[in-house]
Amino acid sequence: MLLLQTVLLLLVLPSHSQDTPTQEAGVQLPLPKGACTGWLAGIPGHPGHNGTPGRDGRDGAPGEKGEKGDTGLAGPKGDTGETGVTGVEGPRGFPGVQGRKGEPGESAYVYRSAFSVGLETRGTVPSVPNVPIRFTKIFYNQQNHYDSTTGKFHCNIPGLYYFSYHITVYLKDVKVSLYKKDKAVLFTFDQYQEKDLDQASGSVLLHLEMGDQVWLQVYGDGDHNGLYADNDNDSTFTGFLLYHDTN
């Protein structure tokens, strides 16, 4: 009941305060009419519930930039990537500057040694056994390395030589040998066929030193010297240098 009275009194007080002129400070206002002279204030009420949280405030101003941190450790090496596609060929470049002219080279000297000779006597040649056959019909002997007076070739350029002979055989058998320094290195034998011309030939490669001699001669006794030559048939002896020694 006391609490109800207190609430009613509080409701009545504002209406009187609005109608009452403002008093100077320090002056005690008279009690409202009809108020009880012996009223007492009510006991304080319980605290109210907490209100709902307010809205978030605005973002503050950005702070100052911090100092640069230390470099981190290197990471592990990655896997090798796939090979890329071959690019398009670029444009052709400009020609370079022409180089300087080279030094003159040494003159190349060509070594020559060759001969080709034949029998000049018509008919059967009376060749003496074990004596060089003298081929006096000269086809080529520009270097004069073949001596027609002795029938021997003289080596003036050390190197490898090729020798060949082609013999026409008539009336007798033929057995000839190619000699090098008094030693037979090649033999050729041909048996004569009655009333017929026959041919015998041979060829060989020989290495010669300076001063070596090469010739052709009938081998054995005089029964094997059927070498022959006429206007239509020749017996020839040929030789030439293939290449000279470089040492």
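The model is predicted, so local features need pLDDT of at least 70 and side-chain atom pairs count only at pLDDT 80 or more, while totals for chains, interfaces and linings use all residues. Residues are numbered from 1 along each chain as its sequence is written, and side-chain values use heavy atoms, with hydrogens and water left out.

**The chain overall**

- The chain holds 1 helix and 11 strands; helices (H or I, at least four residues) and strands (E, at least two) are DSSP runs, numbered from the N terminus.
- Going along the sequence, you get the pattern α-β-β-β-β-β-β-β-β-β-β-β.
- Of the chain's 247 residues, 26% count as buried. Buried means under 20% relative accessible area, exposed means over 50%, and partly exposed is in between (1.4 Å probe, protein chains only).
- Take the contacts (heavy atoms within 4.5 Å) between residues at least 6 apart in sequence: 72% of them join residues at least 24 apart.
- The accessible surface of the chain is about 19900 Å², and 52% of that belongs to carbon and sulfur atoms. These areas come from the Shrake-Rupley method with a 1.4 Å probe; for residues, only the protein chains shown count as cover.

**Strand 6 and strand 7**

- Strand 6 and strand 7 (residues 183–190) run antiparallel and are joined by 7 bridges. Two strands pair if DSSP finds at least two bridges between them.
- Across from V174 you'll find D190 of strand 7.
- The hairpin of these two strands has 2 residues between the strands.
- K181 lies in the loop between strand 6 and strand 7, and has a positive phi of about 50 degrees although it is not a glycine.
- D182 lies in the loop between strand 6 and strand 7 as well; its phi is positive too, at about 65 degrees, and D182 is not a glycine.
- For background, most residues other than glycine have a negative phi.
- K181 is exposed, at 52% relative accessible area, and D182 is exposed at 64%.

**Strand 6 and strand 10**

- Strand 6 also pairs with strand 10, in the antiparallel sense and over 3 bridges.
- V174 turns up here again: N225 is its bridge partner in strand 10.
- Strand 10 (residues 225–229) has 5 of its 5 residues buried, so it is largely enclosed by the rest of the structure.
- In a regular strand the side chains alternate between the two faces of the sheet.
- On strand 10, N225, L227 and A229 point one way and G226 and Y228 the other way, and all are buried.

- Searching the whole structure turns up 12 aromatic pairs. Rings of Phe, Tyr and Trp (its six-membered ring) pair if their centres lie within 6.5 Å; planes under 30 degrees apart count as stacked, over 60 as edge-to-face and the rest as tilted.
- Y162 and F240 make a tilted pair, because their ring centres are 5.4 Å apart and their planes sit at 45 degrees.
- Y162 belongs to strand 6 (residues 159–180) and F240 to strand 11 (residues 236–244), so this pair ties together parts that are 78 residues apart in sequence.
- Y162 is partly exposed at 27% relative accessibility, and F240 is partly exposed at 32%.
- F163 and F237 form a stacked pair, 6.5 Å centre to centre with 25 degrees between the planes.
- F163 is in strand 6 and F237 in strand 11, so this pair links parts that are 74 residues apart in sequence.
- Both F163 and F237 are buried.
- Ring pairs also link F163 and F237 into a cluster with F115, F135, Y146, F153 and Y161.

**T238 and its surroundings**

- T238 is in strand 11 and is buried, with a relative accessible area of 18%.
- Setting aside neighbours within four places in sequence, T238 is in contact with F115, S116, Y162, F163 and S164.
- The T238 side chain makes a polar contact with the side chain of S116 at 3.1 Å. A polar contact is a pair of N or O atoms within 3.5 Å; within protein, one must be able to donate a hydrogen and the other to accept it, and residues adjacent in sequence count only if both atoms are side-chain atoms.
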